[in-house]
Each structure stands twice: as C-alpha cells, then as structure tokens.
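Open the model in your viewer and follow the stops below in order. Each one says what to select and what is there.

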2 protein chains.
Amino acid sequence: MNLSPDMHHLGRAARDGAEALRAASAEQRTAAIRAMATHLRADSSSILAANASDLAAATQHHDRLRLDAERVEAIAAGVEAVAGLPDPVGAEIARWQRPNGLDIARVRTPIGVIGMIYEARPNVTADAAAICVRSGNAVILRPGSDCFASSRAIHSALVRGLAEAGLPPATVQIVPTADRALVGDLLAGLDGTLDLLIPRGGRSLVERIQAEARVPVLGHLEGVCHTYVHHAADPVMAAAIVHNAKLRRVSVCGSTETLLIDRAALPMLPAIAEALEGCELRGDAEAAAVVPMRLATEDDWRTEYLAPILSIRTVSDWHEAASHIARYGTGHTEAIVTEDRAVAEAFLDTVDSAIVLWNASTQYADGGEFGFGAEIGIATGKLHARGPVGPEQLTSFKYVVRGAGQVRP
Amino acid sequence: MNLSPDMHHLGRAARDGAEALRAASAEQRTAAIRAMATHLRADSSSILAANASDLAAATQHHDRLRLDAERVEAIAAGVEAVAGLPDPVGAEIARWQRPNGLDIARVRTPIGVIGMIYEARPNVTADAAAICVRSGNAVILRPGSDCFASSRAIHSALVRGLAEAGLPPATVQIVPTADRALVGDLLAGLDGTLDLLIPRGGRSLVERIQAEARVPVLGHLEGVCHTYVHHAADPVMAAAIVHNAKLRRVSVCGSTETLLIDRAALPMLPAIAEALEGCELRGDAEAAAVVPMRLATEDDWRTEYLAPILSIRTVSDWHEAASHIARYGTGHTEAIVTEDRAVAEAFLDTVDSAIVLWNASTQYADGGEFGFGAEIGIATGKLHARGPVGPEQLTSFKYVVRGAGQVRP
C-alpha cells in the first residue's frame with residue numbers, strides 16, 4: 001500500500017500514544033481530560049475565529065457547523081463530564097474459580113487505536129477525544145473538510161491539555177489535511193495501526209466506510225425509528241409519546257419517523273394528529289381516510305426525515321408492526337404503546353433493534369439517558385457494541401489467570 | 001455483485017433459518033442439538049465411508065482428516081455436551097432503573113447468520129453447528145475441499161436431527177460444492193445476508209479472509225505463545241510448567257513456542273531442558289552457552305511450530321520479556337512463572353494478549369478449561385469476543401426499556 005509519509009508517521013505515533021495511555025493511571029487520564037476542558041475554554045476565541053473561516057467557506061450545514069461562545073462552553077462542559085465518569089480500564093467484569101484452583105478474571109482493556117471519521121460537527125472532535133482518552137484508546141481524527149479549521153483549533157487546545165497531564169500529543173491526533181486520499185489510508189488501516197474505525201455522518205459516508213474498510217467498523221447507521229400504537233394503548237399516553245418521539249427534536253437519530261397504528265386504534269389518530277400540529281403527515285389510505293393527509297409512497301417507509309414529517313401506516317396487529325420494522329427499519333430504536341403487558345413483552349422480544357421500548361418515547365435513545373454519561377453514537381450493528389457507545393463500549397477485555405503451578409492433564 | 005443462484009438461495013434461506021431459531025424456545029434448541037448427536041451416532045458408517053473417500057483423495061493432513069468410529073462418537077458426545085450448556089438467548093446481562101423510572105435491561109440476542117470457513121477438520125462441521133444452534137444463530141458451513149465429503153455426511157445427519165425438533169434445514173446449511181468461487185461469495189457477505197464470518201485454519205486462510213471480507217470477521221490467528229521464566233521462579237515449577245506448556249500437545253494453538261528466560265534464571269535452564277527431552281531447542285547465544293543447542297534465527301521468534309520445537313530467548317527482566325511478546329506474539333496466550341507477586345501482577349497488567357497466566361501452563365487456553373463448556377476457537381482480535389469463543393460469545397444484545405408513559409424533557 002502506498003501510504004503517505006505523513007500518515008505513516010501518524011499511525012506509528014498513535015501506537016506509541018496508545019501504549020502511553022494504557023500505561024497511564026486512571027487519575028492521569030482524568031487529569032488529562034480536565035485539562036482538555038480547561039484549554040478549550042481558554043482557547044474559545046481562537047476556536048471561534050477558526051469556525052468563522054469554516055462558515056465562510058461552507059455552502060451547507062451551517063446549523064451543525066456554527067459555534068458560538070455558549071457552544072464552546074457546552075463542548076468544554078461535555079468534556080468535563082467525561083472526566084467524571086468511572087475509568088473502565090482494568091475493571092474486573094467477572095471472576096471465578098475453576099475446580100483445579102485456577103482463578104480466572106475477565107478484565108477490561110483498551111482497544112488500541114481508533115479512527116474517527118466525521119462530518120460537519122466540530123464538537124465531535126472534543127467528544128471523541130474525551131471518550132477515547134477515558135477508555136485508554138489513542139484516536140486519529142478525520143473531520144470533514146467543512147469543519148476542518150474549527151476541528152484543528154479544538155484539537156490544538158486538547159493537545160495542550162494532554163501535555164499538561166504528561167500525556168504525549170500522539171494520544172489524540174488529527175490528520176494533516178482534509179485531503180480525501182487520507183480517508184483511503186484510514187480505511188486501509190494505516191499499515192495495520194488502526195484497530196477500529198468509527199464513522200459519524202450521513203448514510204453515504206457510513207455505507208462507503210463499511211463497504212471499503214479493511215479494519216473493523218463500529219457503524220452508526222441512520223435511525224428510521226418506529227412508534228407502534230397498539231389498540232390497547234392509553235389514548236392520552238399514545239398522543240403524548242408520539243408527539244415527543246417525533247417533535248421533541250426532529251434532528252436526532254432517535255426521533256420517530258414512522259407511526260405504526262393498529263386498525264382498531266385508528267379512532268385515536270385524530271387526537272394524535274392534533275398533538276402533532278405543525279408536523280407534515282404522510283399516511284396510507286386508511287390513515288388518510290381518518291385524518292386528511294398526503295399519501296405516503298414506498299420511499300417514505302425508508303426515509304429518515306430528520307424533519308417535522310411523519311409517515312403513518314395502518315397494521316392489523318403487532319405481528320404486522322414487527323414485520324414492517326424488520327423490513328424497513330435500521331435496527332436503531334422502536335417503541336410500542338399499549339396497556340397490554342403480554343403484547344408488549346412479545347413485541348419487545350420479537351423486534352431485533354438496538355433499543356426497544358414499551359410506553360416510552362424513542363427520543364430516550366441516548367447514552368446520557370441510559371446512564372452511560374456520554375456517548376459518541378448509537379451503534380446499529382450487532383457486533384462488539386450495540387446501542388449507545390460510551391467509554392465502556394470502547395474497551396476490549398482479556399482473561400487474567402492466576403495459578404499455583406497448575407499443568408493441564 | 002454476481003452471486004451464483006445457489007448461493008443467493010442459501011443466503012435467503014439462512015435469514016429464514018435465523019428467524020426460526022430466534023423464535024424457537026431454549027428447550028427446542030436443546031432438543032435439536034440432542035437429536036443432532038443421535039443422528040451422528042446412527043450415521044457413523046456412512047460418515048466413515050465418506051471420510052474414506054476424502055482420505056483417498058487427500059495428499060496431506062491425513063491425521064486431522066481421518067475419522068474412525070471412536071472419533072465419530074467423540075464428535076457426537078461433543079455435540080451432546082453443547083445441549084447441556086445454558087441457553088444464552090434472552091438472558092439478562094444487566095438491569096437497572098433510571099431516576100425517571102425507566103427500567104432498562106440488557107438482554108442477549110443471537111447475532112443472526114454466521115459463516116464458518118474451515119480446513120481439513122471434519123469435526124468443525126458438528127462443533128460449529130451445535131454452538132451456533134445453542135446461541136440461536138443460523139450457520140453456513142464451508143468446509144475445505146479436503147474434508148468436503150466427510151462434512152457433507154456429517155451435515156446430513158445434523159439436518160435430520162434439526163428436522164426432528166421441528167427446525168428447518170436452513171438453520172444449518174453447507175455450501176453446495178467445494179468450489180473456491182463460493183468462498184468469494186461468502187467474503188462478500190452473500191448479498192447482505194451474513195452477519196459474521198469465522199475462519200478456522202492456517203495463517204494464510206485467516207489472513208486472506210481478514211483482508212478480503214466485507215463482513216465482520218472473528219479471527220482466530222495462530223498462537224505464538226510464550227512462557228516467561230522469571231528469576232524468582234520456583235525451579236521445579238518452572239520445569240513442570242514449561243514441559244506441559246510445550247509438550248502436553250504440540251499441535252494446539254495454546255502450546256508454548258518460545259521460552260523467555262531471565263539472564264539470572266539461566267541456571268534453571270539445564271533442568272528445564274532435561275524435562276523437555278525429545279524436544280528440539282533453538283536458543284540465543286546465551287542460552288546455547290548453558291545448554292548446547294542450535295542457534296535461533298529471527299524467523300524462530302515468529303514461528304508457530306506446532307511441533308516439538310522450542311525457541312529460547314534470554315532477557316534482562318520482565319520488561320524485556322513483555323517487549324519481546326509485544327513484538328513477536330500473536331496476542332493469544334502468555335504465561336509468567338515467578339514467586340514474586342508484584343512482578344507477576346505487573347506482567348499480567350502489561351501484556352495485552354487474550355489470555356495471560358501466572359504460574360500455570362499456556363495449554364489451559366481452552367474454552368472447556370475456562371468453564372465455557374465448548375468453543376469454536378480462541379479469538380485473537382480485540383473486538384466483540386476475545387479468547388475462547390463459546391455460545392455466549394456468539395451473541396449480541398439489545399436494550400429493553402420498560403416505561404409508564406415517559407417522554408423526554
């Protein structure tokens with residue numbers, strides 16, 4: 001492989017950085033994260049200046065891209081919160097004795113070197129760095145070209161924080177340029193340096209990375225999330241949950257995109273529609289016969305709107321709801337609203353998504369809401385980590401076996 | 001992608017098989033595995049006839065390939081043992097309450113469809129099928145051409161067992177021919193059907209699969225395992241452990257290939273060499289000055305002999321031992337022999353292999369010895385599963401959230 005000399009150096013340095021982080025104490029990692037937050041605050045004006053240049057060059061995504069003093073403070077506070085999370089490295093997950101006296105412990109270890117590839121959101125630079133340092137992993141950041149200057153300014157603050165805590169800059173690195181060829185180097189694994197790639201971005205970015213990567217990928221696919229209103233739902237609860245699941249924030253991956261509703265529950269639809277005032281509805285013929293709305297097309301069932309639009313499909317029962325989810329869902333988050341416990345449990349058991357909820361809003365799909373403290377995304381694959389990915393999910397483990405001279409018969 | 005029609009059908013059927021297995025009860029999966037064992041025993045003579053034709057065609061690996069009545073019985077008994085293991089599907093790994101009253105459970109789920117690609121060992125056909133059924137996963141088997149007839153005969157017995165328990169044959173499938181092009185179809189993921197590939201075989205097979213696969217791979221790399229004799233080792237224990245670690249069975253992946261010995265422990269080397277009678281020794285100059293032996297080359301430090309050959313390297317201290325392991329090891333299994341607890345703990349903490357042992361033989365690297373009941377290999381990667389891979393390691397999980405109408409503020 002023809003790796004550019006810059007990237008070759010980056011990869012080798014990351015290995016050393018990972019070694020340093022793994023050898024550091026939990027206290028040292030905590031001190032480093034706190035110092036990262038301090039330097040983010042101190043660098044606020046240079047970060048905002050860099051952001052202004054990104055904004056001037058950007059043709060889209062201004063909302064995700066724009067920083068202001070308040071947002072920089074929020075980024076620093078987020079980093080500080082990660083400093084307060086328990087350090088997972090070395091934690092014993094399990095420990096047992098074998099009849100021959102061997103004592104076996106399963107102990108958390110860092111994964112090694114993680115590559116983050118993301119778009120348009122400069123805050124990911126700080127979030128990812130903090131979570132990686134907490135979990136003892138070195139990270140190589142590849143921000144999108146649209147947020148490159150902002151990310152570089154944030155990175156520069158982070159590295160000074162690391163230095164203050166005695167950690168080498170190689171623990172958190174950023175690619176030298178936004179050149180797309182460097183993404184190819186990351187996908188190829190940087191000469192065996194990268195242990196894991198985490199893409200954060202739109203479907204096309206994630207799919208390209210999953211298709212081309214030669215290293216494991218922790219994918220965060222889009223969330224085509226469903227809320228299913230069963231005929232035995234409490235009508236008031238159903239309207240409240242659908243309203244929150246769709247409209248609390250339309251731009252998050254856990255927002256509901258499709259309402260599935262029992263034919264026998266269609267009388268609840270007018271109240272639900274009223275609760276959704278201001279939201280465009282696109283339904284099948286049966287729904288549209290109850291509440292006037294545009295007819296949904298096949299495309300609607302597959303679309304993550306991230307906008308005040310809701311598709312509505314009428315189903316016969318929970319089996320049909322589960323089949324629709326299996327066919328059109330992205331394995332992210334789905335909810336059922338019902339007072340019937342048996343139907344709820346059958347739905348929770350059958351639907352194979354990262355998060356399944358009963359009588360609660362899909363907008364709870366969030367590491368913070370789960371008590372994980374911080375997350376860098378919701379993994380929609382089934383391997384290694386699934387659901388919210390926080391520091392604990394970014395660890396591996398090893399078996400530590402303590403004996404007294406045992407030999408195997 | 002140009003998938004052959006046969007393989008396209010196989011992939012679609014596997015999805016249905018995975019659905020059926022996931023929907024089945026634990027009792028049904030147990031009954032199926034027991035029936036698989038019964039039919040293996042009943043088909044012993046046709047399995048042996050098929051094996052004879054494999055042997056007649058084979059030019060190598062006769063020892064791994066050859067079955068006899070006793071080995072078929074051992075395969076059936078191994079399958080039966082898996083029937084006795086706890087069913088992992090649906091098991092609650094963790095459960096907690098959030099301050100807002102949400103009840104969150106982390107529950108084991110099957111992964112889906114697993115592809116097994118293996119060489120020369122017909123018993124993997126039955127082992128893999130049993131472990132996959134136990135963990136609720138459909139499996140597609142691709143045996144090497146050298147054991148294809150034996151594997152097909154074993155598969156035919158397994159499928160009749162599945163049918164007896166009411167499970168469709170699509171839960172355990174075998175590729176139609178040993179054509180190498182079909183391996184390419186598996187590596188490409190069978191049109192999105194495969195969730196995980198598990199290669200079992202030599203380095204070249206595993207490396208090819210890791211390099212070319214478009215789906216996640218659970219790699220079982222070779223074991224270049226080390227035993228490190230610290231100067232504070234008990235000399236008698238050191239000789240007993242090194243003897244067992246090297247010679248108990250030389251063909252298993254957990255056998256020690258390199259002895260690392262402290263310079264200050266070299267006086268123990270003659271007794272260790274005596275215990276290793278019949279084993280070829282290849283050492284560095286310092287070791288060869290104590291016990292006459294052939295000089296080791298750089299290649300020796302990287303070689304998995306799987307034979308009665310041991311390389312020996314002299315080190316200054318445990319740091320140098322750990323550095324040697326980091327450089328030449330495969331992340332499989334390493335042991336330290338010492339009476340010094342502080343050094344032992346430092347070594348266990350520093351060495352980043354799937355299994356690290358103190359005062360015990362590396363030949364304990366085995367799922368059965370860990371209490372997992374059965375394994376289909378020792379994973380040497382750090383993602384998803386590491387170390388012995390049994391039914392529990394072949395599961396994913398999902399979050400089941402039970403609420404009372406909560407909406408997110």
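UniProt positions are given in the numbering used here, feature names are shortened, and annotations may be inferred rather than shown by experiment. Keep in mind as well that this is a predicted model.

**Stop 1: an annotated span.** Select residues 6–265 of chain A, where UniProt, in an unreviewed entry, places the feature "domain: Aldehyde dehydrogenase". The end C-alpha atoms of this span lie 61 Å apart. Its make-up is 49% helix and 17% strand.

**Stop 2: the two copies.** Show chain A and chain B together. Chain A superposes on chain B by a rotation of 180° with 0.0 Å of shift along the axis, at an RMSD of 0.0 Å. The two copies are therefore related as by a two-fold rotation axis. To find that axis from chain A, select A:H384: its C-alpha is the one in chain A nearest the axis, 1.8 Å from it. Now colour the interface. Of the interface residues of chain A, 100% are also interface residues in chain B, so the copies meet through the same surface.

Stop 3: Display the strands as a cartoon. Ten strands make an open sheet with mixed pairing, in the order β1(A)-β2(A)-β16(A)-β13(B)-β12(B)-β7(B)-β8(B)-β11(B)-β9(B)-β10(B). Which strands stand at the edges? They are β1 (92–97) of chain A and β10 (294–295) of chain B; each has a single partner strand, so one side of each is left without a neighbour in the sheet. At the chain B end, select β9, residues 280–283, which runs parallel to β10(B) and is joined to that strand by two bridges. B:R282 has B:R294 in β10(B) as its bridge partner.

**Stop 4: a sheet within chain B.** Select β3, β4, β5 and β6 of chain B. These four strands form an open sheet with parallel pairing, in the order β5-β4-β3-β6. The edges are β5 (172–174) and β6 (196–200), each with a single partner strand, so one side of each has no neighbour in the sheet. On average, neighbouring strands here are turned by 20° against each other, direction ignored. Zoom in on β3 (residues 113–118) and β4 (residues 138–142) of chain B, which pair in the parallel sense over five bridges. In this pairing B:G115 stands opposite B:I140 in β4(B).

Helix α7 (residues 148–164) lies across β3, β4 and β5 of chain B and runs at about 155° to β5(B). Helix α8 (residues 180–187) packs on the sheet, touching β3, β4 and β6 of chain B, and its direction makes about 145° with that of β4(B).

**Stop 5: aromatic rings.** Over all chains the structure holds 14 aromatic pairs. Select A:W96 and A:Y399: their ring centres are 6.4 Å apart and their planes stand at 80°, so the pair is edge-to-face. A:W96 lies in β1 of chain A and A:Y399 in β16 (residues 395–406) of chain A, so the pair ties together parts 303 residues apart in sequence. A:W96 counts as partly exposed, at 22% relative accessibility, whereas A:Y399 is buried, with a relative accessible area of 0%.

B:F372 is buried, with a relative accessible area of 16%. Finally, select A:W96, A:F397, A:Y399, B:F370 and B:F372 together; they form one aromatic cluster.

Notes: Residues are numbered from 1 along each chain as its sequence is written. Chains are lettered from A and ligands numbered from 1 in the order in which they are written. This is a predicted model: local features need pLDDT of at least 70, side-chain atom pairs count only at pLDDT 80 or more; totals for chains, interfaces and linings use all residues. Side-chain values use heavy atoms; hydrogens and water are left out. Two strands pair if DSSP finds at least two bridges between them. Copies are superposed by least squares on the C-alpha atoms of residues with pLDDT of at least 70 in both. Contact means heavy atoms within 4.5 Å. Axes are lines fitted to C-alpha atoms, for helices over the stretch in contact, and angles run from 0 to 180 degrees between N-to-C directions. Rings of Phe, Tyr and Trp (its six-membered ring) pair if their centres lie within 6.5 Å; planes under 30 degrees apart count as stacked, over 60 as edge-to-face and the rest as tilted. Buried means under 20% relative accessible area, exposed over 50%, partly exposed in between (1.4 Å probe, protein chains only).
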